[in-house]
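Trainee: I would like to learn how to read a structure like this one. Where do we begin?

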Amino acid sequence: MFVAALAAADVKLKDVKCLVNPKAGAKADQSVSYKEGKVFFCCGNCAKKFDGDKTKFASSANSQLVATKQYEQVKCPLTGGKLNKDTAIKVGAVKVAFCCNNCKGKAEKSGDDQAELVFGDKAFKKGFKVVKAKKETKKKS
């Protein structure tokens with residue numbers, strides 16, 4: 001038996017935007033490997049821009065990993081604490097929950113920095129994990 005990350009072919013891109021050009025839709029054939037998944041772009045030029053400076057686009061890329069269900073939220077991205085579903089808000093295209101109303105309030109008041117606060121690499125490590133595909137068994141020949 002083995003466990004594999006969710007295959008890129010299983011990713012649904014309906015309503016998913018390019019993370020370099022958020023006005024354009026993401027395309028399945030324009031992707032780059034990122035963390036334990038793939039991120040998607042509208043064109044090859046955007047993919048090249050991302051590949052040239054991944055840190056500049058990290059919060060957008062992390063958000064897209066969650067939006068495409070390659071990663072899931074498991075803890076509060078601010079504290080690493082247990083999630084309280086009553087604190088959920090939309091951050092970009094993704095519904096995010098927090099451990100308490102204090103963290104929720106901090107996120108709500110963060111304005112233009114909201115995506116970085118919730119999906120920046122430090123917060124992403126605290127609150128999100130890769131979605132694993134179901135276990136499969138190899139057939140013996």
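Mentor: Begin with a definition of exposure: a residue is buried under 20% relative accessible area, exposed over 50%, and partly exposed in between. Lys 35 has a relative accessibility of 39%, so Lys 35 counts as partly exposed. Keep in mind that this is a predicted model.

Trainee: Which residue does Lys 35 meet in a salt bridge?

Mentor: The general idea is a side-chain nitrogen of Lys or Arg within 4 Å of a carboxyl oxygen of Asp or Glu. Here the partner of Lys 35 is Asp 121, with 2.8 Å from N to O. This pair links distant parts of the chain, 86 residues apart: Lys 35 sits in the loop between strand S1 (27-34) and strand S2 (37-41), and Asp 121 in helix H5 (residues 121-127). Asp 121 has a relative accessible area of 31%, so Asp 121 is partly exposed.

Trainee: How many salt bridges does the structure hold?

Mentor: There are five salt bridges. Among them is the one between Asp 15 and Lys 14, at 3.7 Å from N to O. Asp 15 is exposed at 63% relative accessibility, and Lys 14 is exposed at 68%. Another joins Lys 54 and Asp 51, at 3.3 Å from N to O. In that pair Lys 54 is partly exposed at 31%, and Asp 51 is partly exposed at 46%.

Trainee: Are Phe 50 and Phe 57 buried or exposed?

Mentor: Phe 50 is buried at 0% relative accessibility, and Phe 57 is buried at 12%. As for the other pair, Phe 119 is buried at 0% and Phe 128 is buried at 7%.

Trainee: Which residues do ring pairs link into a cluster?

Mentor: The cluster consists of Tyr 34, Phe 41, Phe 50 and Phe 57.

Trainee: Where is Gln 114, and what does Gln 114 touch?

Mentor: Gln 114 lies in helix H4 (residues 114-119). With a relative accessibility of 17%, Gln 114 counts as buried. Leaving out residues up to four places away in sequence, Gln 114 touches Ile 89, Lys 90, Val 91, Ala 107 and Glu 108.

Trainee: And what about a loop residue, such as Gly 81?

Mentor: Gly 81 is in the loop between strand S3 (71-73) and S4. Setting aside neighbours within four places in sequence, Gly 81 is in contact with Lys 75, Cys 76 and Cys 99. Along the chain Gly 81 and Gly 127 are 46 residues apart, while their C-alpha atoms are separated by 8.3 Å.

Methods: Residues are numbered from 1 along each chain as its sequence is written. This is a predicted model: local features need pLDDT of at least 70, side-chain atom pairs count only at pLDDT 80 or more; totals for chains, interfaces and linings use all residues. Side-chain values use heavy atoms; hydrogens and water are left out. Buried means under 20% relative accessible area, exposed over 50%, partly exposed in between (1.4 Å probe, protein chains only). Helices (H or I, at least four residues) and strands (E, at least two) are DSSP runs, numbered from the N terminus. Contact means heavy atoms within 4.5 Å. Rings of Phe, Tyr and Trp (its six-membered ring) pair if their centres lie within 6.5 Å; planes under 30 degrees apart count as stacked, over 60 as edge-to-face and the rest as tilted.
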